[in-house]
Amino acid sequence: MIILKSEPEIEKMRKAGALTAQARDYVAGLVRPGITTRELDHAARRFIEERGGIPSFLGYQGYPASICASVNGVVVHGIPGKRVLREGDIISLDLGALLDGYHGDTAITVAVGKISERTRELLEVTQRSLFAGIEQARPGRHLGDISHAVQEVAESAGFSVVVDYVGHGIGREMHEDPQVPNHGPAGRGVLLRRGMVLAIEPMINQGGADVMVHDDGWTVETTDGLPSAHFEHTVAIGDPPEILTAP
Ligand code: MF3
Ligand code: CO
Ligand code: CO
């Protein structure tokens, strides 16, 4: 069941989204060779808590940290730890914050120093696929229009869409209906309408689409070990669409 949000609720989600976006940009700015993913996690937690928010991920289904920090071939749900970032890595940072009863959810993939040309392209195309999806997030369009737009941008650049994980509705819960796949036919699925808020989040692989989950039960990694990128915004359906986690 899709929970529609009233204008006063969307106003609260603007505030949650803004805090989440600020935390994302703050943590992304800390990325450099030599820093550990745990340091990034602690910085994010402190940033969110000092501003009256609660990290959405901490304790979610037993998740042990406040961010997901997914390096290179890790697609999503990388658990922060002792890993030291090195020049040439990429890292996907996914964060959520709960503020005044509503969640924001956003992700960005950043380069650690200089990276390969093809991987630079992967980051650029994944971000562009997110914006192509957001462009469809308007009343009267169908959910499949978002999915199809993402897929088209990613695949026409020769990259693969991860199909095992999807975006989602968001509000009082981090994950609400509907699921928002990153592939599929246009013109199908739920009719979009004002009051819907969606987390749109393409996960795009440089090589094949296959992924596997580590024994920790969380870390999702490409089967071929090639890099993967992830960008995410929380978006209110509108004309134009409203990105609640804009910088
Ligand atoms: N924020 C992720 C998403 O984009 C989900 C993270 S699951 C958690 O939907 F357990 F890490 F919180
Ligand atoms: Co997320
Ligand atoms: Co999400």
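This report walks through the fold of one protein chain, from its overall shape down to single residues.

**The whole chain**

The model is predicted. The secondary structure of the protein chain comes to four helices and 15 strands. Its C-alpha trace spans about 45 × 45 × 30 Å along the principal axes. For 247 residues, a compact globule would have a radius of gyration near 18 Å, and the 17 Å of the protein chain agrees with that. Of these 247 residues, 55% count as buried. Sequence distance matters for the contacts too. Take contacts between residues at least 6 apart in sequence: 71% of them join residues at least 24 apart.

| Helix | Residues | Length | Reach | Expected |
|---|---|---|---|---|
| α2 | 37-50 | 14 residues | 20 Å | 20 Å |
| α3 | 117-135 | 19 residues | 27 Å | 27 Å |

In α2, the reach is close to the expected value. The reach of α3 is also close to what is expected.

**Helix α2 and its cover**

Which residues of α2 are buried? They are Thr37, Leu40, Asp41, Ala43, Ala44, Phe47 and Ile48. These residues cover an arc of only 165 degrees around the axis, so they lie on the same side of α2. Their cover includes α1 (7-30), β1 (54-55), β2 (67-71) and β4 (90-99). After α2 comes glycine 52, whose phi is positive, near 90 degrees.

Alanine 23 gives a close-up of this region. This residue sits in helix α1. Its relative accessible area is 0%, so alanine 23 is buried. What does alanine 23 touch, not counting residues up to four places away in sequence? The answer is Phe47, Ile48 and Leu95. Both Phe47 and Ile48 are on the list of buried residues of α2. Alanine 23 and isoleucine 48 are 25 residues apart in sequence, yet their C-alpha atoms are 6.6 Å apart in space.

**The β4-β5 hairpin**

Leucine 95 leads on to the next element. Its bridge partner in β5 is threonine 106. In total, 10 bridges join β4 to β5, and the two strands run antiparallel. Two residues lie between the strands of this hairpin, where aspartate 100 takes a positive phi near 50 degrees. Strand β5 covers residues 102-111. Nine of its 10 residues are buried, so β5 is largely enclosed by the rest of the structure.

**The five-strand sheet**

An open sheet of five strands runs in the order β8-β7-β9-β14-β15, with antiparallel pairing. Which strands stand at its edges? They are β8 (176-180) and β15 (242-243). Each has a single partner strand, so one side of each is left without a neighbour in the sheet. Further in, four bridges join β9 (residues 197-200) to β14 (residues 233-236). These two strands run antiparallel. Valine 197 stands opposite alanine 236 in β14.

Helix α4 (residues 143-156) lies across β8 and β9. It runs at about 40 degrees to β8. Serine 147 has its place in this helix. Is serine 147 buried or exposed? Its relative accessibility is 2%, so it counts as buried. Leaving aside neighbours within four places in sequence, serine 147 is in contact with Pro181, Asn182, His183 and Gly184.

**The three-strand sheet**

Another open sheet has three strands, in the order β6-β10-β13, with antiparallel pairing. The edge strands are β6 (160-161) and β13 (228-230), and each pairs on one side only. How many bridges join β10 (residues 203-205) to β13? There are three, and the strands run antiparallel. Isoleucine 204 stands opposite alanine 229 in β13.

This sheet has a helix across it as well. Helix α3 lies across β10 and β13, at about 35 degrees to β13. The buried residues of α3 include Leu122, Leu123, Val125, Leu130 and Ile134. Thr119, Thr126, Ser129, Ala132 and Gly133 are also buried there.

How values were computed
Residues are numbered from 1 along each chain as its sequence is written. Chains are lettered from A and ligands numbered from 1 in the order in which they are written. This is a predicted model: local features need pLDDT of at least 70, side-chain atom pairs count only at pLDDT 80 or more; totals for chains, interfaces and linings use all residues. Side-chain values use heavy atoms; hydrogens and water are left out. The expected span of a helix is 1.5 Å times one less than its number of residues. Buried means under 20% relative accessible area, exposed over 50%, partly exposed in between (1.4 Å probe, protein chains only). The arc is that of the directions from the helix axis to the C-beta atoms. Contact means heavy atoms within 4.5 Å. Two strands pair if DSSP finds at least two bridges between them. Axes are lines fitted to C-alpha atoms, for helices over the stretch in contact, and angles run from 0 to 180 degrees between N-to-C directions. The radius of gyration is taken over C-alpha atoms; the globule rule is 2.2 Å times the number of residues to the power 0.38.
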